[in-house]
Amino acid sequence: MQRMMSAMCPGSCSGRGGCYASPTGPECQCREGFAGKMCEIVVEKTTSAVVAAAEDTSDFWVVLLVSALVFLSLLAAVGAICYYVRSQKVDVVGSLDEVIDEAKAAPKRVKQYLERLV
């Protein structure tokens, strides 16, 4: 049989075989371990006998959706932790009035300290 472009076969042989011209039209010839009209069936093997044929059930969109949900959940958890940590911080500097009062009281405390030394 003459090999054809893989796009001419139905489903491009699922990427698991080659597309060949046959008297009835384009046909997939599956690689070892695959079967079906579009090589969509995965054939599991043991030592020498074929035990079972299972259809490939991997679904790109389901995997993508689950991955996106896991990512968004992790992002939400990190955001919640950051919010909690920021809400627990105490205002170290205080208001401007508190800073001014401390600055005015400082010389008096220095004078008291020096008087105790003498």
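User: How many disulfides does the count come to here?

Analyst: The count comes to 2 disulfides. Please keep in mind that this is a predicted model.

User: Which cysteine does the disulfide join to Cys-13?

Analyst: Cys-13 is joined to Cys-28, with an S to S distance of 2.1 Å. The link is left-handed, at -95 degrees about the S-S bond.

User: Is Cys-13 buried or exposed?

Analyst: Cys-13 is buried, because its relative accessible area is 0%, and buried means under 20%. Cys-28 falls in that class as well, with a relative accessible area of 10%.

User: And which cysteine forms a disulfide with Cys-30?

Analyst: Cys-30 is bonded to Cys-39, and the sulfur atoms lie 2.2 Å apart. This link is left-handed too, with -100 degrees about the S-S bond.

User: What is the class of Cys-82?

Analyst: Cys-82 is partly exposed, with a relative accessible area of 44%.

User: Let us turn to the strands. In what sense do E1 and E2 pair, parallel or antiparallel?

Analyst: The pairing of E1 and E2 is antiparallel and runs over 6 bridges. A hairpin through 2 residues connects the two strands. Within this pairing, Gly-18 stands opposite Gln-29 in E2.

User: Where does Ser-22 lie?

Analyst: Ser-22 is part of strand E1. With a relative accessibility of 14%, it counts as buried.

User: Which backbone oxygen lies 2.6 Å from a polar atom of the Ser-22 side chain?

Analyst: That is the backbone oxygen of Gly-25.

User: How many helices and strands does the protein have overall?

Analyst: There are 2 helices and 5 strands. Starting from the N terminus, the order of the elements is β-β-β-β-β-α-α.

User: Which residues does UniProt list as "transmembrane region"?

Analyst: The UniProt record, an unreviewed entry, lists residues 60-85 under that name. In the model this span is 100% helix and 0% strand, and its end C-alpha atoms are 38 Å apart.

User: How many aromatic pairs does a search of the whole structure find?

Analyst: The search finds 1 aromatic pair. Phe-60 and Trp-61 form it in an edge-to-face arrangement, with 5.0 Å centre to centre and 75 degrees between the planes.

User: Why is it called edge-to-face?

Analyst: The angle between the planes of Phe-60 and Trp-61 is 75 degrees, and planes over 60 degrees apart count as edge-to-face, so the pair takes that label.

User: Are Phe-60 and Trp-61 buried or exposed?

Analyst: Phe-60 is exposed, and Trp-61 is exposed as well.

User: Back to the protein as a whole: what percentage of the residues count as buried?

Analyst: Of the 118 residues, 10% count as buried. Cys-13 is one example, at 0% relative accessible area.

User: What share of the contacts with a separation of 6 or more comes from residues 24 or more positions apart?

Analyst: Such residues account for 14% of those contacts in the protein.

Notes
Residues numbered from 1 in each chain as written. Predicted model: local features only at pLDDT ≥ 70, side-chain atom pairs only at ≥ 80, totals over all residues. Heavy atoms only, no water. Phe/Tyr/Trp six-rings, centres within 6.5 Å; stacked < 30°, edge-to-face > 60°. Buried < 20%, exposed > 50% of the residue type's maximum accessible area, 1.4 Å probe, protein only. Disulfide = S-S within 2.5 Å. UniProt positions renumbered as here; feature names shortened; annotations may be inferred. Helix = DSSP H or I, 4+ residues; strand = E, 2+ residues; numbered from the N terminus. Polar contact = N/O pair within 3.5 Å; in protein donor to acceptor, adjacent residues only side chain to side chain. Pairing = 2+ DSSP bridges. Contact = heavy atoms within 4.5 Å.
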